[in-house]
Amino acid sequence: MYESMKTPAYSRTGLRGSIVGLALLSATLGGAAESNQPGKTSNRFLMADSGPLLAPAAPSPPEAPAELVPAAAAPPVPGQPLDRSRERPNGPSPRTLEEFSVRAIESHPRMRSARAAVEQARGEAVQARLYPNPVLAGSSPQMAGTDSQWNGFVSQEFITAGKLKLSQQAALRDVQRAEYELIRARFDVLTGVRMAFYDLLVSQRRLEIFKLLYDISNRSYEIGKQLAAAGEETRADTLFWSIERDRAEVRLINSTVNIETERRELAAAMGLPMADVGEIEGDLFQLLPNFDLKELQRAVIARNANPRAAEANIARAQWTLERSVVEPIPNVTLMGGYQRQVGPPQDQGLVEVMLSVPLFDRNQGTIRSARAGIATARAELRSIEIELADQTAKAINDYRQARRLAEWYQELILPKARETVRVTQLLYSQGELTFLRLLEAQRILTETELAYVDAQRARWNGAVEIADLLQLEEFPPTMASPATTELEFLDERQGPPPGLLPEQMPPPAG
């Protein structure tokens with residue numbers, strides 16, 4: 001599938017010098033200085049320019065603006081598939097997390113649904129306070145003969161005991177709950193976008209590693225064939241190098257497939273599943289704060305919209321109880337009218353007063369149910385607070401472990417893997433180690449870099465979950481975020497260390 005790298009014939013001395021150069025290329029996997037500029041992809045892995053390596057399996061779409069939304073959409077035709085072109089955004093593809101978040105808030109159907117629910121609750125609150133309309137009527141008790149009568153009257157029901165006001169207060173608590181649910185929907189959408197964004201950012205980094213790994217494996221295979229031809233290695237060694245190249249190639253192919261899938265997942269999280277998503281920009285190694293568990297639990301309970309929605313539900317239950325208590329107080333209906341009698345001619349007035357007598361039904365069952373509703377709502381609030389505290393404890397545990405794992409890779413494991421490659425280079429150049437030992441050191445470094453990137457994925461997943469619990473508008477969290485504490489590691493306070501490039505070693509003379 002990929003074009004093999006051509007390697008000229010080597011002398012034995014030249015072979016060792018080329019292999020040392022190959023090891024230096026491998027060491028650059030982790031040797032570049034980390035970039036922490038906002039909005040820029042960190043140059044954590046620098047790839048040497050070694051000629052045509054790989055044709056990208058899934059090229060990024062062009063960034064030029066395109067007219068993707070038609071001026072007018074025709075009405076749907078029964079039996080015909082829906083036109084999804086309106087789901088494509090105007091302009092170039094987003095690249096940063098902020099751009100994806102703005103598009104998601106504007107376009108995601110869950111946001112439209114939550115906004116509509118708020119408007120619906122507001123309409124119901126307005127309706128709850130409206131007074132009943134008067135009733136106009138006309139009749140004839142007797143339509144024929146000299147005693148014919150014709151009348152017309154108007155009646156109006158008068159609501160007593162402030163029932164309309166109490167009903168509206170209960171409905172206004174539904175408005176508050178809908179507004180908190182809108183906030184909850186907003187952060188659910190943002191959380192989905194953030195998760196998908198950093199998953200794709202990690203996959204982009206892994207693709208860079210796999211590209212370089214394939215280049216190293218391909219060059220190793222070609223050099224190995226030259227070593228076998230020179231009599232320094234066996235046919236079994238050549239097969240081993242071939243296996244390593246094939247493994248690197250299939251991992252690269254799978255990585256390109258995974259990136260395309262995660263691009264579609266990011267587009268779906270944005271609410272625009274047909275949108276084009278290209279290469280994204282972000283700092284995978286950005287410094288993140290540490291959090292105090294108890295303070296974080298308090299901050300989550302105080303800031304999260306779920307407890308506030310539950311409190312609005314309690315208030316609604318209390319207003320519902322008050323409304324139920326005054327329900328037995330009867331409303332008064334007044335009727336007044338005019339009646340004309342034909343013979344003998346008479347003008348008559350009509351007056352009527354009506355009200356119900358709460359003799360049997362005094363709303364006892366509804367009052368009892370409303371009191372139980374208050375107890376249920378209070379218990380629900382407590383359950384939500386306990387659940388949030390539990391989620392926070394689990395989230396901070398995963399986050400701390402991921403941060404510590406990433407720190408150990410950065411400060412302890414990766415430097416050792418790089419030093420192993422450097423020492424192995426030196427020993428191989430002196431003829432004390434075989435080429436297989438050198439390849440093994442390179443493979444350990446590569447796998448360590450991949451594990452380090454996976455640790456970053458777990459670190460960001462934890463940060464996204466904590467931001468969702470705290471409902472932070474700004475992401476990533478900073479030291480100004482609630483419940484932050486001092487960093488656990490000194491190197492975190494000082495920032496990431498510079499890259500460790502092995503020194504260039506000339507091949508042995510003889």
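Mentor: Start where a helix ends. H9 is followed by Gln471, whose phi is positive, near 55°. Helices are DSSP runs of H or I with at least four residues, strands are runs of E with at least two, and both are numbered from the N terminus. This is a predicted model, where local features need pLDDT of at least 70, side-chain atom pairs count only at pLDDT 80 or more, and totals for chains, interfaces and linings use all residues. Residues are numbered from 1 along each chain as its sequence is written, and side-chain values use heavy atoms, with hydrogens and water left out.

Trainee: How many residues does helix H9 have, and what span does it reach?

Mentor: The expected span of a helix is 1.5 Å times one less than its number of residues. Helix H9 covers residues 435–470, which is 36 residues. From first C-alpha to last it reaches 53 Å, close to the 52 Å expected.

Trainee: What does the secondary structure of the protein chain come to?

Mentor: The chain has 10 helices and six strands.

Trainee: How should I read a sheet?

Mentor: Strands of a sheet pair through backbone hydrogen bonds, either parallel or antiparallel. Here, two strands pair if DSSP finds at least two bridges between them. This model has an open sheet of four strands in the order S1-S2-S4-S5, with antiparallel pairing. Strand S1 (135–142) and strand S5 (346–354) stand at the edges with a single partner strand each, so one side of each has no neighbour in the sheet.

Trainee: Over how many bridges do S2 and S4 pair?

Mentor: S2 (residues 149–158) and S4 (residues 332–341) pair over 10 bridges. Trp150 stands opposite Arg340 in S4, and Glu157 stands opposite Thr333 in S4. S1 and S2 pair over six bridges. There, Ser139 stands opposite Asn151 in S2.

Trainee: Now helices against helices. At what angle do H2 and H4 pack?

Mentor: Two packed helices are described by the angle between their axes and the distance between the axes. Axes are lines fitted to C-alpha atoms, for helices over the stretch in contact, and angles run from 0 to 180 degrees between N-to-C directions. H2 (residues 97–107) and H4 (residues 163–229) pack at about 145°, with axes 10 Å apart. Contact means heavy atoms within 4.5 Å. Among the residues making this one are Phe100 and Ala104 of H2 and Val193 and Phe197 of H4.

Trainee: Is Leu266 buried or exposed?

Mentor: Buried means under 20% relative accessible area, exposed over 50%, and partly exposed in between, with a 1.4 Å probe and protein chains only. Leu266 is buried, at 0%. The residue belongs to helix H5 (residues 235–269). Leaving aside neighbours within four places in sequence, its contacts include Phe100, Val193 and Phe197. Gly192 is 74 residues from Leu266 in sequence, yet 8.2 Å away in space, C-alpha to C-alpha.

Trainee: Which backbone angles deserve a second look?

Mentor: Most residues other than glycine have a negative phi, and most peptide bonds are trans. Ala161 has a positive phi of about 60°. Ala161 lies in the loop between S2 and H4 and is partly exposed, at 37%. Asn363 has a positive phi near 65°. Asn363 sits in the loop between S5 and helix H8 (364–429) and is buried, at 14%.

Trainee: Which peptide bond is cis?

Mentor: The bond from Phe475 to Pro476 is cis, with omega near 5°. Pro476 is in the loop between H9 and strand S6 (484–485).
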